[in-house]
Amino acid sequence: MNPYNAKHLSPISFEDYLAGEETAKRKHEYVDGEVYMMTGGSYAHNLISGNVFAELHRQLKGTRCRAMNSDNSVRVKTASIERGYYPDVL
């Protein structure tokens, strides 16, 4: 019995998750077929991630590598998991 009266949805494919993200108004994370809406960050969280991004950007200057912010997603896929995240900095 579901104590919250919530409907359990069937898992979706990673491709369907990506298609949904193209038109979504909010970001979501994908964990093994389940999709979770992300919450917004606090002022302190944004300050810290901004400082990490700035330092990483500075350290990578002059190299072929680039620092990216949380608007870029990352797919993690192994034999046992498949996930899609929006890291604060990558």
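The turns below go from confidence to the sheet, its pairs and the helix packed on it.

Me: Before I read any details, what is the mean pLDDT of the chain?

Reply: This is a predicted model, and the mean pLDDT of its chain is 88, with 91% of the residues reaching 70 or more. Among the elements, helix 2 (residues 43-60) has the highest mean, 96, while strand 4 has the lowest, 91.

Me: In what order do the strands lie in the sheet?

Reply: In general, the side chains of a regular strand alternate between the two faces of the sheet. Here four strands make an open, antiparallel sheet in the order 2-1-4-3, with strand 2 (34-37) and strand 3 (74-77) as the edges, each pairing on one side only. From one strand to the next, the twist averages 20 degrees.

Me: Which residues can I use to check the pairing of strand 3 and strand 4?

Reply: These two strands pair in the antiparallel sense over four bridges, and lysine 77 stands opposite glutamate 82 in strand 4; the two strands form a hairpin, with four residues between them. Strand 1 (residues 28-31) likewise pairs with strand 2 in the antiparallel sense over four bridges, and there tyrosine 30 has valine 35 of strand 2 as its bridge partner.

Me: Which strands does helix 1 touch?

Reply: Helix 1 (residues 14-23) packs on the sheet and touches strand 1, strand 2, strand 3 and strand 4 (82-85), and its direction makes about 180 degrees with that of strand 1.

Key. Residues are numbered from 1 along each chain as its sequence is written. This is a predicted model: local features need pLDDT of at least 70, side-chain atom pairs count only at pLDDT 80 or more; totals for chains, interfaces and linings use all residues. Side-chain values use heavy atoms; hydrogens and water are left out. Two strands pair if DSSP finds at least two bridges between them. Axes are lines fitted to C-alpha atoms, for helices over the stretch in contact, and angles run from 0 to 180 degrees between N-to-C directions. Contact means heavy atoms within 4.5 Å. pLDDT is the predictor's confidence in each residue, from 0 to 100.
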